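Me: I would like to go through this model term by term. Please set each value against its definition.

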Amino acid sequence: MKWIFTPPNFLLFIFSLTALVVLSPILSISLGLLYSLLYKNNAQKISTQVTTIPLQIGIVLLGFTISTVTLIPIINSYAIWVLFFIIFSFVISYILGRVFGLDIKLNILLASGLSICGATAIALVGPLIKASTKFIFISLAILFSFNTLAIILFPILGDLLNMSNYEFGVFSALAIHDTGSVVGSALAFSNPSVEVATSLKILRTLGLIPLILLLNYKFNANKNGFVFPKFIIYFFVALVVANIFELSYSSIEYLKILSKTFIIFGIFCIGLQSSKIEYKELSFKPLVLALIVWLCVIPMAYFISVA
């Protein structure tokens, strides 16, 4: 037990406990960012060991709480818009990359992350197209910065615009890149927003399948296919199980609390991951490209969500 009384570990315990007690996504990521600034090496070690596992567990548990009565109308109403956002974001990002003279592999990494699911897309696409470590870190640094801002600022923006829970769920799912940041932002706005946001973001993540198949064909880097994020599959399994067996109200409420706890800790771990980002590797053109695409997507997502 002596290890816990060292300053880095004791502060980690206090910060993570505070995050879990308060259950605020904004506070959680702020504490994670602060800890990574104070103890960078320790934060790197923890984030490498834990990665996004708590967040993935929280999303899977959330699958047990979503009813198909809610899910199906959401998909029917917005599936076409999700497809449009994937294609629009990828195409405009790729075109701007050519205009800015970016390396084609960096261009593809940014386009994939901005259009589908941020770091997950970059992590899958990078090895497939044999992108350099430098290009992968540049892409991750940009997307991480945007997602951190989204968790903090989007709920405030939703309040200022008087958005309903449903509208904000749609807005966050279309405008934010990483699944964890979508869920975190929606959770910071309201609990009901999470169900809508998660459903649409999972649907958007399915865009990885055609993208990976297309890139696999073009670069011929992996003839055996690719590993699709397992937590997405488990989410759908949980969804099916919950709707077949019709869980009791008390069970669903318990699972919601458990899901929220894992998601909050996962968001705290996202803050810790900032210790891995070497911002000195960032260059002007990729950052401007990503910002232009995001600033195009945000107002579009808003008008679609309130239409």
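**Surface, fold and core**

Reply: The chain exposes about 14200 Å², and carbon and sulfur atoms supply 70% of that area. Areas come from the Shrake-Rupley method with a 1.4 Å probe, and for residues only the protein chains shown count as cover. The model is predicted: local features need pLDDT of at least 70, side-chain atom pairs count only at pLDDT 80 or more, and totals for chains, interfaces and linings use all residues. Residues are numbered from 1 along each chain as its sequence is written, and side-chain values use heavy atoms, without hydrogens and water.

Me: How do you know how many disulfides there are?

Reply: A disulfide is a pair of cysteine sulfur atoms within 2.5 Å. A search of the whole structure finds zero. The sulfur of cysteine 117 has its closest cysteine sulfur in cysteine 269, 19 Å away, so the gap is too far for a bond.

Me: What makes cysteine 117 count as buried or exposed?

Reply: Buried means under 20% relative accessible area, exposed over 50%, and partly exposed in between (1.4 Å probe, protein chains only). Cysteine 117 has 1%, so it is buried. Cysteine 269 also has 1% relative accessibility and therefore counts as buried. Across the chain, buried residues make up 48% of the 307 residues.

Me: What makes the length of helix H13 agree with its residue count?

Reply: Helices are DSSP runs (H or I, at least four residues), strands are E runs of at least two, and both are numbered from the N terminus. The expected span is 1.5 Å times one less than the number of residues. H13 has 24 residues (249-272), so it should span 34 Å; its end C-alpha atoms are 35 Å apart, which agrees. The chain has 14 helices and zero strands.

Me: What do the buried residues of H13 pack against?

Reply: Their partners include helix H1 (7-22), helix H2 (25-38) and helix H7 (133-160). Cys269 is among the buried residues of H13.

Me: Which residues touch the most other members of the largest nonpolar core?

Reply: A nonpolar core is a set of buried Ala, Val, Leu, Ile, Met, Phe, Trp, Tyr and Cys residues joined through side-chain atoms within 4.5 Å. The largest has 84 residues, and Val125, Phe154 and Phe171 touch the most other members. Helix H6 (residues 104-128) gives the most to this core, with eleven residues. Contact means heavy atoms within 4.5 Å. Leaving aside neighbours within four places in sequence, valine 125 is in contact with residues including Ile108, Leu211 and Leu215.
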